[in-house]
Amino acid sequence: MSQTDIAKGLLSIAANRYRILGDDLAALGEDGWHILLILFSAEHLPSVLRPESLEEGMRCPANLNRILKVLSMHGFVEERLPPTNGDQSFRVTKKAISKIQLILNSETNLFFQSKPCDQETNEQPLSNDL
């Protein structure tokens with residue numbers, strides 16, 4: 001896959017994510033997507049994720065509460081009840097899980113469709129896109 005193909009693929013992924021999530025959630029940017037992926041990947045863990053766990057890796061951790069509020073308003077995130085020792089913890093909803101799975105399936109399909117390899121050298125054919 002050429003670098004041009006990768007760039008086009010990334011643009012396609014972003015457009016698909018925006019289409020599936022809608023404008024309000026897509027406007028949360030990478031930090032919003034980051035939070036959804038963390039909560040999605042932790043959904044089946046016995047431990048709970050507190051806000052400080054969600055802040056790791058965010059570009060603007062100060063926006064965490066605003067992002068969680070928007071995700072909650074759209075039915076993508078809910079607070080786990082009851083809070084333990086006054087600490088908040090969060091999880092993704094079934095609605096969010098189905099949307100995230102749609103996005104991940106489209107991303108997986110894009111990047112795992114590759115051109116056939118040369119049988120003798122096991123190398124990808126060279127592209128003229130560079």
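Modeller: Let us begin with Glu 30 and Arg 17, whose side chains meet in a salt bridge with an N to O distance of 3.2 Å; the term stands for a side-chain nitrogen of Lys or Arg within 4 Å of a carboxyl oxygen of Asp or Glu. This pair links distant parts of the chain, since Glu 30 lies in helix H3 (residues 29-41) and Arg 17 in helix H1 (residues 3-21), 13 residues apart. Helices (H or I, at least four residues) and strands (E, at least two) are DSSP runs, numbered from the N terminus. Please keep in mind that the model is predicted, so that local features need pLDDT of at least 70 and side-chain atom pairs count only at pLDDT 80 or more, while totals for chains, interfaces and linings use all residues. Residues are numbered from 1 along each chain as its sequence is written, and side-chain values use heavy atoms, with hydrogens and water left out.

The partners of this bridge can also be described by their exposure, where buried means under 20% relative accessible area, exposed over 50%, and partly exposed in between (1.4 Å probe, protein chains only). Arg 17 is buried, at 11%, whereas Glu 30 is partly exposed, at 49%. In general, side chains of opposite charge can pair when their charged atoms come close.

By this rule there are two salt bridges, and the other one joins the side chains of Glu 78 and Arg 91 at 2.8 Å, N to O. Here, too, distant parts of the chain are linked, with Glu 78 in strand E1 (residues 77-79) and Arg 91 in strand E2 (residues 90-92), 13 residues apart. Glu 78 is partly exposed, with a relative accessible area of 32%, and Arg 91 is likewise partly exposed, at 30%.

Leaving aside neighbours within four places in sequence, Leu 54 is in contact (heavy atoms within 4.5 Å) with residues including His 34, Ile 35, Leu 68 and Phe 90.
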